[in-house]
Amino acid sequence: MKRAAVCLLFLLLLLPQKGYPSDYSLKIVTPVDSTYTQGGQTISVVSKVQANAFSALKIYVDGGLQKDLGDIDGKQYVCSVVSVHPGINTIMVSGIIEDGGVVSRQVKVFIISPISAKYNTAPDDYTQYWFHSSSSTCFTCHQMQPQKTDLYPVKHSDSSCYVCHKDITDRKYVHGPTAAWACLMCHDSNADPKYSTPTPPEKMCEKCHGDDIAAWQKLKHQHGPFALGMCTTCHSPHGSNWPFWTRKFPTDLCLSCHIGQSGNHVITFFNGDPHPMRGHPDPRHPGRELSCASCHSPHASPYRFQLFGDYRHPRTFCRGCHFTKAMPY
Ligand code: HEC
Ligand code: HEC
Ligand code: HEC
Ligand code: HEC
Ligand code: HEC
Ligand code: HEC
Ligand code: HEC
Ligand code: HEC
């Protein structure tokens, strides 16, 4: 008898969506299918479930299990956060029924990466997701309006953004205002869409780095993306695993746009090896690692190719590092 019931249940589960018994309803509230977002390394997955219908919810990204949420008895909303990667992410939520059945739903989201030639624009059939500008039911349990304390929270958890965005500071190097959870310094709740940031992003950085920017703008040779004010193409506004919160290690960052540039241009050894481009201390910038940015300013310089000196005088140029106190060879 029990077996027959289980078989019946399985048969029901195989039916198309409409055929599910309403007792096992499961809906992904956020994210929304076929939408894209700018940047993020994590995304919230909130499901609305029939209370007490499931013993657990499992969340998969591209088939890999990321969350196994038990203890959901009585809950109607199950909130969690998963890691995502640039490109299309297939997020599947599976509700586990006590006697072995499974109800699954899935959505596809596209994450943009400004420094990936492959993923810097979303496919045509994806629309931009502005969560805070769409209507949601989250406010029944969460504070959704910015509070006075959000300007300069004393503790991270004082920020009303913290509950949902706490992973944003999980990086090795975190940018000052983000580390302080002063999110509203850049995300204006009166902006349209809400919390959107200005383009070009330089306008936002200028508020605190105006002196640096003005000094660079006076220099004769300006780097393409800097001249366009695209600071956040190279710098994450929040943080990253590299100093100065660059989106990759500088050499890899440069090579993601200058794809043909192997680095062989400075000098090529007899065996074809180029001048070192990483893995040694940078003699010009104590504490940093040698990279393309050791010779080229990523922003601007008075010299051609944004170099730190005139390369047509190899002796002086090379001696910017070699035969110096920092590197006597
Ligand atoms: C220095 C300015 C700045 C600060 C401070 C800042 N942000 Fe952002 N944020 C941006 C910009 C610019 C974007 C647009 C996407 C990008 O360039 O990566 C963004 C995107 C986002 C996104 C969407 C994509 C992603 O990266 O996840 C979230 C969520 C977000 N910010 C939350 C926060 C929270 C929470 C804080 C406070 C802890 C914060 N931001 C602090 C500038 C800032
Ligand atoms: C029925 C109440 C309820 C509703 C509705 C609700 N949440 Fe939650 N949410 C909670 C509770 C309780 C927590 C745990 C609080 C904590 O960790 O401090 C939580 C935690 C979260 C977290 C953190 C999860 C984690 O693993 O760190 C996120 C993200 C989140 N909610 C997003 C949302 C979003 C987005 C919505 C609307 C689509 C929403 N929630 C609606 C009750 C709710
Ligand atoms: C109830 C949970 C919740 C709270 C509280 C919350 N956010 Fe969000 N936020 C989300 C979700 C969900 C998204 C969609 C992207 C994602 O899943 O990370 C989002 C996206 C964003 C984005 C990207 C633009 C957009 O609208 O999609 C920004 C910027 C942002 N949040 C800033 C903030 C700031 C600043 C605060 C605090 C003043 C805050 N959020 C509080 C859940 C929340
Ligand atoms: C609200 C003020 C504020 C805004 C806006 C702001 N920053 Fe910053 N930034 C700081 C502070 C404070 C520091 C120094 C503390 C630290 O190292 O995080 C800093 C440091 C930096 C550094 C490291 C500088 C160094 O010499 O160590 C970089 C890179 C940077 N910011 C990039 C940006 C970019 C790009 C933007 C625009 C998206 C931006 N910042 C917007 C306040 C701000
Ligand atoms: C092409 C990529 C790129 C762009 C565009 C860019 N930066 Fe940078 N920036 C870097 C790299 C790489 C470093 C680290 C240099 C190093 O490792 O020596 C850096 C360093 C910095 C620093 C630290 C200063 C220092 O000591 O070198 C600040 C401040 C900064 N950037 C702000 C900005 C601002 C503001 C903008 C936009 C107006 C911007 N950057 C645009 C790549 C970039
Ligand atoms: C977002 C893409 C992007 C990134 C990342 C990037 N660049 Fe560029 N770079 C450009 C563009 C666009 C130009 C202007 C194209 C031109 O004038 O030929 C340029 C021009 C240059 C030039 C001048 C070339 C010439 O022939 O005048 C140099 C040198 C250079 N970049 C070095 C770097 C270095 C070093 C880095 C890493 C710190 C870097 N770039 C990162 C896009 C990028
Ligand atoms: C040791 C100093 C040094 C380092 C490190 C360095 N460059 Fe250069 N770069 C030069 C010099 C000198 C020139 C001008 C003469 C030439 O082309 O050899 C130049 C020219 C360039 C040019 C413009 C001319 C061309 O060949 O297109 C680009 C673009 C460039 N470098 C990108 C990079 C990138 C990307 C890296 C990191 C992989 C890098 N450079 C690392 C010294 C350096
Ligand atoms: C930004 C600083 C910098 C500049 C400028 C620079 N180099 Fe270097 N160079 C280095 C570093 C760091 C190493 C690695 C040192 C080591 O092996 O310990 C290196 C290694 C070398 C080596 C290999 C030496 C060895 O022992 O393996 C040669 C040859 C060389 N550089 C030639 C040049 C020439 C020629 C120029 C001028 C066109 C130049 N370099 C400009 C930093 C620089």
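The following legends describe close-up views of a predicted model.

View 1. Six strands, in the order E5-E4-E7-E8-E2-E9, form an open sheet in which the pairing is mixed. The edges of this sheet are strand E5 and strand E9 (127-128), each of which pairs on one side only. In a regular strand, the side chains alternate between the two faces of the sheet.

**View 2. Strand E4 and its two partners.** Strand E4 (residues 56-61) runs antiparallel to strand E7 (residues 87-96), to which it is joined by 6 bridges, and it also pairs in the antiparallel sense with strand E5 (residues 64-69), over 5 bridges.

**View 3. The bend in helix H4.** Helix H4 (residues 202-217) comprises 16 residues, yet its end C-alpha atoms are only 12 Å apart, which falls short of the 22 Å that a straight helix would reach at 1.5 Å a residue. At His209, H4 bends by about 110°.

**View 4. The surroundings of ligand 3.** Ligand 3 is surrounded by 24 residues, of which the closest are Ser44, Phe131, His132, Cys161 and Cys164. Strand E3 (42-49) and helix H2 (162-165) each supply at least two residues of this shell, and the largest share, 3 residues, comes from H2. Divided by class, the shell around ligand 3 contains 13 nonpolar, 10 polar and 1 charged residues. Because domain 1 (22-129) and domain 2 (144-191) both give residues to the shell around ligand 3, the ligand lies between these domains.

**View 5. The surroundings of ligand 8.** The shell around ligand 8 is made up of 17 residues, and the closest of them are Pro276, His280, Ser294, Cys318 and Cys321. By class, the residues of the shell around ligand 8 divide into 11 nonpolar, 5 polar and 1 charged.

Key. Residues are numbered from 1 along each chain as its sequence is written. Chains are lettered from A and ligands numbered from 1 in the order in which they are written. This is a predicted model: local features need pLDDT of at least 70, side-chain atom pairs count only at pLDDT 80 or more; totals for chains, interfaces and linings use all residues. A residue is near a molecule or strand if its C-beta atom, placed from the backbone, lies within 6 Å of it. Ala, Val, Leu, Ile, Met, Phe, Trp, Tyr, Cys and Pro count as nonpolar, Asp, Glu, Lys and Arg as charged, and the others, Gly among them, as polar. Two strands pair if DSSP finds at least two bridges between them. Helices (H or I, at least four residues) and strands (E, at least two) are DSSP runs, numbered from the N terminus. The expected span of a helix is 1.5 Å times one less than its number of residues. The bend at a residue is the angle between axes fitted to the seven residues ending there and the seven starting there. Domain bounds come from an automatic or database domain assignment.
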